[in-house]
Amino acid sequence: MEIITADNLEKYFGTLAAVDGISFSVQRGEIFGFLGPNGAGKTTAMKMIHCVSKRTGGELRVFGMDTDTDPRQIKQRLGVVPQENNPDPDFTTFQNLTIYARYFGIPASEAEQRAEELLEFMQLSEKRDAPIETLSGGMKRRLIIARALMNEPELLILDEPTIGLDPQARHLIWEKLRHLRSLGCTLVMTTHYLDEAERLCDRLVIMNSGKILVEGSPAELVRQYAGEEIVEAAASPGTIACLKEQGVEFEVFGDTIQVQTSDPQNIARTLMESCRRERITVRRATLEDVFLKLTGRTLRE
Amino acid sequence: MAYGGLSEISRGALAVWRRNLDAFIKTYRVNFIPPFVEPLLYLLALGYGVGALIQDVDGIPYPIFIAPALVSISVMYSAFFECTYSSYVRMYYQKTFDAMIATPLSIEDVICGEILWGATRGTIYAALMIPVLFLFGVIDLPTSLLLIPFAFPAGILFSAIGMCFTAITPSIDALNYPAFLFITPMFLFSGTFFPISILPQALQYFAFGFLPLANVVNVNRAITMAEFSPMLLYNIVWVLLVALLFFIIALNLMKRRLVN
């Protein structure tokens, strides 16, 4: 069943196309990722899904409803974790949850019970009555996720859920997100951490300049666009000349040569025997290779 | 967008109002200082200090003349500042509005809740000032209790005007312009500390045609003096209509600012 359906979705700010005619669909119970460099249009796409940004063209339906005409009904059933933590600094951790529940019209007794459960779930019970300014970055992030779960959403929207967190906090959040998926919740997320996307996302799209470049599962995309293995070596003129002589296809990125291959042993042997042995490594191709290949290595913004 | 955005307001606005009330109660100690201290200071310095030099105003002792103005000023300041600096902090720095509109609340709910709260705060301050002024013997009870219900529409008026400035201000510092160029002159020239009747005729028309505080002071003074004239009806209708007008303008300006 389709939770989100976008058809030729567009968002123009004046003449600038932030989202330039994208089509995708998100199925119930999957984790769907939006990847792309800064300014690719990921956050704008997410904002249109949770009805705070109006589209300028195309179709967008969430739970089968139009985001233009039924924002209240849609927002009642989804949870949002914005890029920037925005807990309410005038209240404690627990009050942040109960006050947020009022915006959904959830009765107080029910809200209090759910708040206790979610503090437990996100491991924040110890900070129940703490003022917000005493919470660490990771705790604030967990609070924002707990807050987004107060209305028991069928769809959870996360804009860079683990940005700026230490590895412990990231692993905890990953575990919780996977647990939510197992409960039948649909998750849509953006991230700049490609290892995160590779671990979590069932399917993802890579965007650039407002358009979707590719769509697929992380494993499919890696196989299709980066091959199985990557052999890297230092980019000395000697090595480059040597590889050309051997007829091996390669790419140069800064001071590194990369060879995509399904036969890394052979390439590594060629490098070791015929060329100079300088910093030769063999590794599995990753989503990061796909990402850089498709969106280029030029710095954004 | 039917009815200037009014149709987009739901019961959710009360949740926004309640959030602000909860925050106010949480810091009640500091919030309850102004309504007790302000009338005290003004009455001592102006009412009895400056008042000692003045025989009376149209036969009214000076402290009694300024008492209804003090309530009006307090409503204006509390409502206007709540919906300018405080709302701006919630909107821009705390991102509270962003969090709210990610829930079923519409932007109109949020702005309506903020304005209702600004008016409520003004009303609370008016109510708290009444016992202080009564103890000084400058207002009579129970007639002066009518100051409380009128503080609410007056509060809506000043909150809505403030919210319009919040919607268009480029930064929190720029809110000083309306505060100093609009609110402060109004504080001095709205029949607060001297009667409007001593101004040139043209300025009198200007005051009752365009200055919210002049109309509010006139109503409040009629209440504390228990003297009701036909002019009063004009002042009340003016306050209600202009409050509604700025309320609708605030909804639309804020929508333009926050939804893109």
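In chain A of this predicted model, four strands make up an open sheet in the order β2-β1-β4-β5, paired in the antiparallel sense. Strands here are DSSP runs of E with at least two residues, and helices are DSSP runs of H or I with at least four, numbered from the N terminus; two strands count as paired if DSSP finds at least two bridges between them. The edges of this sheet are held by β2 (16–27) and β5 (65–66) of chain A, each with a single partner strand, so one side of each has no neighbour in the sheet. Within the sheet, strand β1 (residues 2–13) and strand β4 (residues 57–62) of chain A are antiparallel and share five bridges. A:Thr5 has A:Arg61 in β4(A) as its bridge partner.

Local features need pLDDT of at least 70 and side-chain atom pairs count only at pLDDT 80 or more, while totals for chains, interfaces and linings use all residues, and side-chain values use heavy atoms, with hydrogens and water left out.

A second open sheet of chain A has four strands in the order β12-β13-β11-β14, again with antiparallel pairing. Here β12 (251–253) and β14 (281–284) of chain A stand at the edges with a single partner strand each, so one side of each is left without a neighbour in the sheet. From one strand to the next the twist averages 30 degrees; angles run from 0 to 180 degrees between N-to-C directions, with axes as lines fitted to C-alpha atoms, for helices over the stretch in contact. Helix α9 (residues 237–246) of chain A packs on this sheet and touches β11 (229–234), β12 and β13 of chain A, its direction making about 25 degrees with that of β13(A). Contact in this sense means heavy atoms within 4.5 Å. The antiparallel pair of β12(A) and β13(A) (residues 256–261) is joined by three bridges, and A:Val252 stands opposite A:Ile257 in β13(A).

Strand β9 (residues 203–208) and strand β10 (residues 211–216) of chain A run antiparallel and are joined by five bridges, with A:Gly216 in β10(A) as the bridge partner of A:Leu204. Two residues lie between the strands of this hairpin, in which A:Ser209 takes a positive phi near 45 degrees. Elsewhere, A:Glu160 has a positive phi of about 55 degrees although it is not a glycine; A:Glu160 belongs to the loop between β7 and α6 (167–182) of chain A.

Chain B is built from 11 helices and zero strands. Its C-alpha trace spans about 60 × 40 × 35 Å along the principal axes. A compact globule of 260 residues would have a radius of gyration near 18 Å, and the 19 Å of chain B agrees with this; the radius is taken over C-alpha atoms, and the globule rule is 2.2 Å times the number of residues to the power 0.38. In the loop between α6 (107–135) and α7 (147–168) of chain B lies B:Pro142, joined to B:Leu141 by a cis peptide bond with omega of about 5 degrees.

Grid points are joined across faces, edges and corners, and a volume is the space filled by probe spheres set on the points.

The largest pocket holds about 700 Å³ of space. Its lining has 28 residues, with A:Lys47, A:Val52, A:Pro82, B:Lys95 and B:Asp98 nearest the centre. Two or more lining residues come from each of α1 (42–49), β6 (78–81) and β7 (155–159) of chain A and α4 (62–93), α5 (96–101) and α11 (230–258) of chain B. The largest share, four residues, belongs to α1(A).

One cavity of 30 Å³ or more is found in the whole structure. The largest cavity has about 100 Å³ of space and 14 lining residues, of which A:Asp88, A:Asn96, A:Tyr100, A:Tyr103 and A:Arg147 lie nearest its centre.

Conventions:
Residues are numbered from 1 along each chain as its sequence is written. Chains are lettered from A and ligands numbered from 1 in the order in which they are written. On a 1 Å grid over the protein atoms alone, a cavity is a set of points where a 1.4 Å probe fits but cannot get out, and a pocket is an open set with protein on both sides within 12 Å along at least five of seven lines; lining residues have an atom within 4 Å of a point.
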